[in-house]
Amino acid sequence: MSEPHEVVRWDGDNVAEVYKTESPTWEFGHVRGGAPPIRIGDEYLCFFHSSTMWTEKKRRYHMGAYTFEAKPPFRVTRMTPKPLLSGSKEDPWQEGLPLVVFPCGSLMERNKCVVTMGVNDYCSAWIKIPLDELEPLME
């Protein structure tokens with residue numbers, strides 16, 4: 001999600017329309033891109049990344065989720081107030097690298113969100129998040 005939140009409608013190779021709406025604030029750094037949105041009923045669900053300083057020169061990345069309307073103007077409707085995941089030394093990690101969780105892809109499988117991600121600039125992973133466990137975390 002950019003700041004402001006933008007949804008673009010393309011007509012072939014040309015931008016046909018751009019919808020801009022306000023982005024909610026996030027205490028864990030600027031909300032940036034991530035996995036493509038998943039349509040769930042009247043909303044889209046997105047998993048995004050952000051980052052905060054971890055050491056003097058390295059960042060720690062976080063993953064959150066937000067939803068937005070499935071029709072214009074595509075306003076953001078809900079968001080996790082805290083990260084769902086954060087980069088950690090407990091995962092495969094190499095000295096000198098940042099702590100990273102970076103969502104790349106997502107899909108729905110039997111009421112579970114499957115999210116693929118990069119971990120600590122070192123390896124890849126995936127997680128299944130039951131939708132009924134994610135819903136209460138969204139505000």
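C113 sits in strand β10, in a chain whose model is predicted rather than determined by experiment: local features need pLDDT of at least 70, side-chain atom pairs count only at pLDDT 80 or more, and totals for chains, interfaces and linings use all residues. Residues are numbered from 1 along each chain as its sequence is written, and side-chain values use heavy atoms, with hydrogens and water left out. Strands here are DSSP runs of E with at least two residues, while helices are runs of H or I with at least four, both numbered from the N terminus.

Stepping back, the protein chain holds eleven strands and one helix. Read from the N terminus, the order is β-β-β-β-β-β-β-β-β-β-β-α. A compact globule of 139 residues would have a radius of gyration near 14 Å, and the 16 Å of the protein chain agrees with this; the radius is taken over C-alpha atoms, and the globule rule is 2.2 Å times the number of residues to the power 0.38. Along the principal axes, the C-alpha atoms fill a box of roughly 45 × 35 × 30 Å. Of the 139 residues, 39% are buried. Among contacts between residues at least 6 apart in sequence, 45% join residues at least 24 apart.

The chain exposes about 8400 Å², and carbon and sulfur atoms supply 49% of that area; accessible areas come from the Shrake-Rupley method with a 1.4 Å probe, and for residues only the protein chains shown count as cover. There are 16 positive and 20 negative charges, and their mean positions are 2 Å apart. In this count Lys and Arg are positive and Asp and Glu negative, with His and the chain ends not counted; each charge is placed at NZ of Lys, CZ of Arg, CG of Asp or CD of Glu.

Side chains of opposite charge can pair when their charged atoms come close. A salt bridge is a side-chain nitrogen of Lys or Arg within 4 Å of a carboxyl oxygen of Asp or Glu, and the count by this rule comes to six. In one of them, the closest N and O atoms of R9 and E17 are 3.1 Å apart. R9 is partly exposed at 42% relative accessible area, and E17 is partly exposed at 32%.

Another salt bridge joins E43 and R78, with the closest N and O atoms 2.6 Å apart. Because E43 lies in strand β5 (residues 43–53) and R78 in strand β7 (residues 76–79), the pair ties together parts that are 35 residues apart in sequence. Are E43 and R78 buried or exposed? Both are buried.

K128 and E109 also meet in a salt bridge, at 2.7 Å from N to O. This pair links distant parts of the chain, with K128 in strand β11 (residues 123–130) and E109 in strand β9 (residues 101–109), 19 residues apart. K128 is partly exposed at 38% relative accessibility, and E109 is partly exposed at 30%. Salt bridges that share partners also join E43, R78 and E135 into one network.

C46 belongs to strand β5 and counts as buried at 6% relative accessibility. Leaving aside neighbours within four places in sequence, C46 is in contact with A35, P37, G64, A65, Y66 and F68. G118 touches V100, V101, F102, C104 and C123, not counting residues up to four places away in sequence.

Most residues other than glycine have a negative phi, and most peptide bonds are trans. A cis peptide bond, with omega of about 10°, joins P72 and P73, and P73 is found in the loop between β6 (59–69) and β7. N111 is not a glycine, yet has a positive phi near 65°; N111 is in the loop between β9 and β10 and is exposed, at 58% relative accessible area. D121, also not a glycine, has a positive phi of about 50°. D121 lies in the loop between β10 and β11 and is exposed at 55%.

Conventions:
Buried means under 20% relative accessible area, exposed over 50%, partly exposed in between (1.4 Å probe, protein chains only). Contact means heavy atoms within 4.5 Å.
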